[in-house]
Amino acid sequence: MHFTKPVLAAILFLCLGLSAFGQCVHVGGGIITNVGVISADRTLGTATGDLSGAIGVQIVSQSPGPGGTTVLMVHHFWVTESGDTIFVDPAQLTAKLVAPNLFAIVTYPLSVSGGTGKFKGATGKLKAIGEVDFNDGQVGLRYSGRVCFATSDDDKDAAAVTHSDPGVAANVAAPAEQVRPVSNVVLARERRRLAQL
């Protein structure tokens, strides 16, 4: 009986996806932008990985930092491939000059503070590493971190329906050793049924 909760979580995860639970997930990927596309203080390019889409950054200010670093205050514009906007709080990028006009990014913490679509009400913490090459006008970064998705009212309704479904409840109530693996056909049928509700 101590396996009942993990089995329930696995079934609901497969049927409803992460956003139904307000889950936090690890995200990662890359960012490649060009400097000075719109104006000298802006970058524009693409993000790959879990938050793939278009991204732009505006440099709001620049100042000297500790240990010979340069600190840039930046503002982000991030739109995913599915058309959702990710709101990112103003961020502080700290870079160290490693060659003429080539900067290594020492620290670059990012805070997700909502957005549209599945990012409505989302929160998260990301960090990025990489370099900025002002000789060629290029930026290359790798980001990683966690994003926590809010639970929408639609997701709560779908979860309530799943909990009340006798077929799902019967599988969850059985001891783990008696639960048969769920086939892809069964999962597809359940997803279609939930989509029709």
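Two strands are taken to pair if DSSP finds at least two bridges between them. Helices (H or I, at least four residues) and strands (E, at least two residues) are DSSP runs, numbered from the N terminus. The model is predicted: local features need pLDDT of at least 70 and side-chain atom pairs count only at pLDDT 80 or more, while totals for chains, interfaces and linings use all residues. Residues are numbered from 1 along each chain as its sequence is written, and side-chain values use heavy atoms, with hydrogens and water left out.

**View 1. Strands E4, E6 and E7.**
Strand E4 (residues 69-80) pairs with strand E6 (residues 91-99) in the antiparallel sense, over six bridges. Strand E6 in turn pairs with strand E7 (residues 102-107), again in the antiparallel sense, through five bridges.

**View 2**
Thr69 lies in strand E4 and stands opposite Lys96 in E6. The side chain of Thr69 reaches the backbone oxygen of Pro66 at 2.8 Å. Apart from neighbours within four places in sequence, Thr69 is in contact (heavy atoms within 4.5 Å) with Ser63, Pro64, Thr94, Ala95 and Lys96.

**View 3. Gln58 in strand E3.**
Gln58 has its place in strand E3 (residues 53-64). The side chains of Gln58 and Asp41 are joined by a polar contact of 3.5 Å. A polar contact is a pair of N or O atoms within 3.5 Å; within protein, one must be able to donate a hydrogen and the other to accept it, and residues adjacent in sequence count only if both atoms are side-chain atoms. Not counting residues up to four places away in sequence, Gln58 touches Asp41, Arg42, Met73, Val74, His75 and Phe77. The C-alpha atoms of Gln58 and His76 are separated by 6.5 Å, although the two residues are 18 residues apart along the chain.

**View 4. Strand E8 and its partners.**
Strand E8 (residues 109-115) is mostly covered, with five of its seven residues buried. Two bridges join E8 to strand E5 (residues 85-88), and these strands run antiparallel; here Ile86 has Gly115 of E8 as its bridge partner. E8 also pairs with strand E9 (residues 123-133) in the antiparallel sense, over five bridges. The bridge partner of Ser111 in E9 is Lys125.

**View 5. The disulfide of Cys24 and Cys148.**
A search of the whole structure finds one disulfide (a pair of cysteine sulfur atoms within 2.5 Å). This disulfide joins Cys24 to Cys148, with an S to S distance of 1.9 Å. The link is right-handed, with 105° about the S-S bond. Cys24 lies in strand E1 (residues 24-35) and Cys148 in strand E10 (residues 138-148), so the pair ties together parts that are 124 residues apart in sequence. Cys24 counts as partly exposed because its relative accessibility is 29%. Cys148 is also partly exposed, with a relative accessible area of 21%.

**View 6. The largest nonpolar core.**
A nonpolar core is a set of buried Ala, Val, Leu, Ile, Met, Phe, Trp, Tyr and Cys residues joined through side-chain atoms within 4.5 Å. Of the 31 residues in the largest such core, Leu51, Trp78, Tyr108, Leu126 and Val147 touch the most other members. The largest share of this core, four residues, comes from E10. Leaving aside neighbours within four places in sequence, the contacts of Val147 include Cys24, Val112, Phe119 and Leu126.

**View 7. Aromatic pairs.**
The whole structure holds three aromatic pairs. Rings of Phe, Tyr and Trp (its six-membered ring) pair if their centres lie within 6.5 Å; planes under 30 degrees apart count as stacked, over 60 as edge-to-face and the rest as tilted. The rings of Trp78 and Tyr143 have centres 5.8 Å apart and planes at 85°, so this pair is edge-to-face. Trp78 in strand E4 and Tyr143 in strand E10 are 65 residues apart, and their pair links distant parts of the chain. Trp78 is buried, with a relative accessible area of 2%, and Tyr143 counts as buried at 1% relative accessibility. Phe119 and Phe149 form a tilted pair, 5.4 Å centre to centre with 55° between the planes.

Notes
Buried means under 20% relative accessible area, exposed over 50%, partly exposed in between (1.4 Å probe, protein chains only).
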